[in-house]
Amino acid sequence: MKVASSVSFTNQDGNIANFNFKRYNGRFNLDYNLSDKIDLAFDLNFRREDKSQPAALTNLSRQAYRLQPLFNAINDDGTNGAGFGGGQPIGLANSTGLDQTISNYFRGLIKATYRPFNNFSIAATYSPQFLDRDRDNFNAQYTYYESSGATAQQSGSNSLFKETFTTFQDNFNAVANWGKDFGNHSVSALGGYEFLKFQSEIWSASRQGFVLSEYRGLDQGPPDTQLNNGSSTLNGLESLFGRINYAYKDKYLLEANVRRDASSRFAPGFRSATFPSFSLGWVVSEEGFLKDSRTSTF
């Protein structure tokens, strides 16, 4: 039995105020020889990411390189300057508005390999993946002043945007391998089956005009500003495949392949098709008239 595991943590601030990124990683691997004929393998992998940044980061960076230095960002008394029409990146970065995204990822793998006799093996693998991502983006007003001691003004309005995205992927495959040498002849064959299923769902909701920025639940915003959206996806792919290889004296090669795929993405009656192929090879360097030749490099 072989076991390996690891855990890691990343905590990094950005070069913009109130920007932070955290990531937690973990992995566990186990390989186990159940007998001379059976091997088992397990692989678990998870990741959690937490990203927090100022709301409207795109506008913030755009303002930072477009705004001329003639406009005040900070007044003499330490208050937020007006920038250009109330839009200035320092005030936006230091506002209480935050765009936070938390995502969780999990992948598992279970594999079993069986060798009932020499030169033949069967391997089956199941590998699911899961991802969910939650986003909470609250744009908060901030107070600015045209100059020191001027009348306070408010930028924009308080608004909230929430989004949830979830995906799940199923993957299973089974492959049988056989190969043997007969004097100058070498033959191998492979056959297998695989299916892949993918499903996802996304929804979002928003409201504007929050009176109090401290209360950031969707139900705290005016109902007449509410919006929502959503979509979902479900598709699958199923395949059968096979391959035969033949070699004579490692000089003359033949390979034949065939696979049949069926996809739910196409209309009924057009969802499956068969794809054959073959190839021939000649290893000229193994011929007697070239085998002892020297190779020159220019």
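1. Is Tyr24 buried, partly exposed or exposed? Tyr24 is partly exposed, because its relative accessible area is 35%, where buried means under 20%, exposed means over 50% and partly exposed lies in between, with a 1.4 Å probe and protein chains only.

2. Please keep in mind that this is a predicted model, in which local features need pLDDT of at least 70, side-chain atom pairs count only at pLDDT 80 or more, and totals for chains, interfaces and linings use all residues. Residues are numbered from 1 along each chain as its sequence is written, and side-chain values use heavy atoms, with hydrogens and water left out.

3. The whole structure holds 6 aromatic pairs, a pair being rings of Phe, Tyr and Trp (its six-membered ring) whose centres lie within 6.5 Å, called stacked when the planes are under 30 degrees apart, edge-to-face when over 60 and tilted for the rest. Phe9 and Tyr24 form a tilted pair, because their ring centres are 4.9 Å apart and their planes stand at 35°. This pair links distant parts of the chain, since Phe9 lies in strand β1 (residues 2–13) and Tyr24 in strand β2 (residues 20–33), 15 residues apart; strands here are DSSP runs (E, at least two residues), numbered from the N terminus. Phe9, with a relative accessible area of 47%, is partly exposed.

4. Tyr248 and Tyr252 make a stacked aromatic pair, with 6.1 Å from centre to centre and 15° between the planes. Tyr248 is partly exposed at 27% relative accessibility, and Tyr252 is partly exposed at 33%.

How values were computed:
Helices (H or I, at least four residues) and strands (E, at least two) are DSSP runs, numbered from the N terminus.
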